[in-house]
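Reader: I have a structure open and want to talk through its packing. Can we go step by step?

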Amino acid sequence: MSGRVLCISTIPFRFHSISKLPSYPSSNSRLWFCGNPNVIGMEEQGFLQASEAVVADTDLLKKKLEAMRLSGPQKLQVIADFDATLTRYWIDGRRGQSSHGLLKQGNPDYDDKREELYKYYHPLEYSPTISIEEKTKLMEEWWGKSHSLLIEGGLTFDAIKQSVADATIAFREGVVELFELLEERNVPVLIFSAGLADIIEEVLRQKLHRSFKNIRIVSNRMVFDDNGCLVSFKGKTIHSLNKNEHALDMAAPLHDQLGDVNGATNDSASVRKRTNVLLLGDHIGDLGMSDGLNYDTRISVGFLNDNIENSLDSYRNAFDIVYLNDASMLGVVKLVHQLFPVGGI
Ligand SMILES: [Mg+2]
């Protein structure tokens, strides 16, 4: 443990300990850090220079990178959260919508009812005074009621398509490049979400305009009847506090929905054999996404999008790398490039 904080940006380099920073700007302002690019010898490809980044333990990160590099891409899998991790937190000055939040089910009364649920349960989800056991019950209640309202309100697949088309949602710059890079290297990507798989797939279809055979969505999946009306949900409900349990078992190939006849190259068993994990998340709880895996090496990347002054300490202690201020995905693209410069293993 180096005990120091490496903070790198594209502005001229100086080295600071975080504790020596004079003051934290307000959460509305951008936070800039700077550091010595030679500390961890990873500056050539610049994955920490693409945007503001914080690394608390450079020695540990360096060891993990070396271990991953030696194992090769055939041992790697990527596990990513969806909302505010793959997607942007801010879009044109407005808060980007989540895959759950964007849904208009074509029945305003039911949209209002779900909004009422949100207003009631969302503060409870983040309440510091409610135990995790109690919160888990509350989240089960919330998700259960929301899903029932979607069925009762007659949600159709056409309404999902329209909702996505109308939504304020966008992928971070560099997400397509990351998916392409990982596809070239035959590295599977599991996207974990407590949202709705059918919506996430529609966002991928509409915003990326292409499919990736290495991507799987692990989320709540809907069942539609022949008329395109929602009739039920498949399997166990994934909510914000249990999205790490049974998630691998619920993985389903994205190609089924996107019509990729070549199919996914990795089934659940082969994913389990991939013992190195690159984890991407925007909440500390996202670190639990790899709990079901007996991994050898994990590099965790956290996107700290907002409320930076209050959360930076906990994020930098939890994640190997923290990108600040709703950063792009280009730093992660460079990291993968640096790990595995040549594709096609
Ligand atoms: Mg998220």
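Author: Start with a term: two residues are in contact if their C-beta atoms, placed from the backbone, lie within 7 Å. Keep in mind that this is a predicted model.

Reader: Which residues does Ile200 touch, leaving out those up to four places away in sequence?
Author: Contact here needs C-beta atoms within 7 Å. Residues up to four places away in sequence are not counted. The partners of Ile200 are Phe82, Ser99, Ile191, Ser193, Gly195, Ile217 and Ser219.

Reader: Which members of the largest nonpolar core touch the most other members?
Author: The largest nonpolar core has 74 residues. Its largest share, six residues, comes from helix H10 (residues 330-339). The members that touch the most others are Ile191, Ile200 and Val322.

Reader: What percentage of the residues count as buried?
Author: A residue is buried if 20 or more other C-beta atoms lie within 10 Å of its own. The protein has 345 residues, and the buried part is 42%.

Reader: Among contacts between residues at least 6 apart in sequence, what percentage join residues at least 24 apart?
Author: The protein has 10 helices and 12 strands. Take contacts between residues at least 6 apart in sequence. The part that joins residues at least 24 apart is 72%.

Reader: Is helix H10 mostly covered or mostly open, and which of its residues are buried?
Author: H10 is mostly covered, with eight of its 10 residues buried. What covers them includes strand E2 (53-55), helix H1 (58-71) and H5. Strands E10 (276-281), E11 (297-304) and E12 (321-324) are also among the covering elements. The buried residues are Leu330, Gly331, Val332, Val333, Lys334, Leu335, Val336 and Leu339.

Reader: Why does Leu335 count as buried?
Author: Leu335 sits in helix H10. The cut-off for a buried residue is 20 or more other C-beta atoms within 10 Å. Leu335 is buried because its count of other C-beta atoms within 10 Å is 23.

Reader: How many Å apart are Leu335 and Leu178, C-alpha to C-alpha?
Author: In sequence, Leu335 and Leu178 are 157 residues apart. In space, C-alpha to C-alpha, they are 9.9 Å apart.

Reader: Are H5 and H10 roughly parallel or roughly antiparallel?
Author: The axes of helix H5 (residues 175-184) and H10 come within 9 Å and cross at roughly 20°. Angles under 35 degrees count as roughly parallel. H5 and H10 are therefore roughly parallel.

Reader: Which residues make that contact between H5 and H10?
Author: The crossing of H5 and H10 is left-handed. H5 supplies Glu177, Leu178, Leu181 and Leu182. By class, the contact has six nonpolar, one polar and one charged residues. From H10 come Val332, Val333, Val336 and His337.

Reader: Are H2 and H3 roughly parallel or roughly antiparallel?
Author: Helix H2 (residues 108-125) and helix H3 (residues 132-152) pack with axes 10 Å apart. Their angle is about 170°. Angles over 145 degrees count as roughly antiparallel. H2 and H3 are therefore roughly antiparallel.

Reader: How many charged residues are in the contact of H2 with H3?
Author: Tyr110, Lys113, Arg114, Leu117, Tyr121, Leu124 and Glu125 in H2 take part. They meet Lys135, Leu138, Met139, Trp142, Lys145, Ser146 and Leu149 in H3. By class, the contact has eight nonpolar and one polar, and the charged residues number five.

Reader: Is the crossing of H4 and H6 right-handed or left-handed?
Author: Helix H4 (residues 157-166) and helix H6 (residues 197-208) pack at about 55°, with axes 10 Å apart. That angle makes H4 oblique to H6. The crossing is right-handed.

Reader: Which residues of H4 and H6 make the contact?
Author: H4 gives Ile160, Lys161, Val164 and Ala165. By class, the contact has five nonpolar, one polar and three charged residues. H6 gives Asp198, Ile199, Glu202, Val203 and Gln206.

Reader: Is Asn186 exposed, partly exposed or buried?
Author: Asn186 is in the loop between H5 and strand E6 (189-196). Its phi is positive, about 55°, although Asn186 is not a glycine. With 16 other C-beta atoms within 10 Å, Asn186 is partly exposed.

Reader: And His209, buried or exposed?
Author: His209 lies in the loop between H6 and strand E7 (215-224). Its phi is also positive, near 60°. With 8 C-beta neighbours inside 10 Å, His209 counts as exposed.

Terms used:
Residues numbered from 1 in each chain as written. Predicted model: local features only at pLDDT ≥ 70, side-chain atom pairs only at ≥ 80, totals over all residues. Axes fitted to C-alpha atoms, helices over the stretch in contact; angles between N-to-C directions. Helix = DSSP H or I, 4+ residues; strand = E, 2+ residues; numbered from the N terminus. Parallel < 35°, antiparallel > 145°, perpendicular 65-115°, else oblique. Left-handed = near helix turned anticlockwise from the far one by under 90°. Nonpolar A, V, L, I, M, F, W, Y, C, P; charged D, E, K, R; others polar. Core = buried A, V, L, I, M, F, W, Y, C linked by C-beta atoms within 7 Å. Buried ≥ 20, exposed ≤ 12 C-beta atoms within 10 Å, placed from the backbone.
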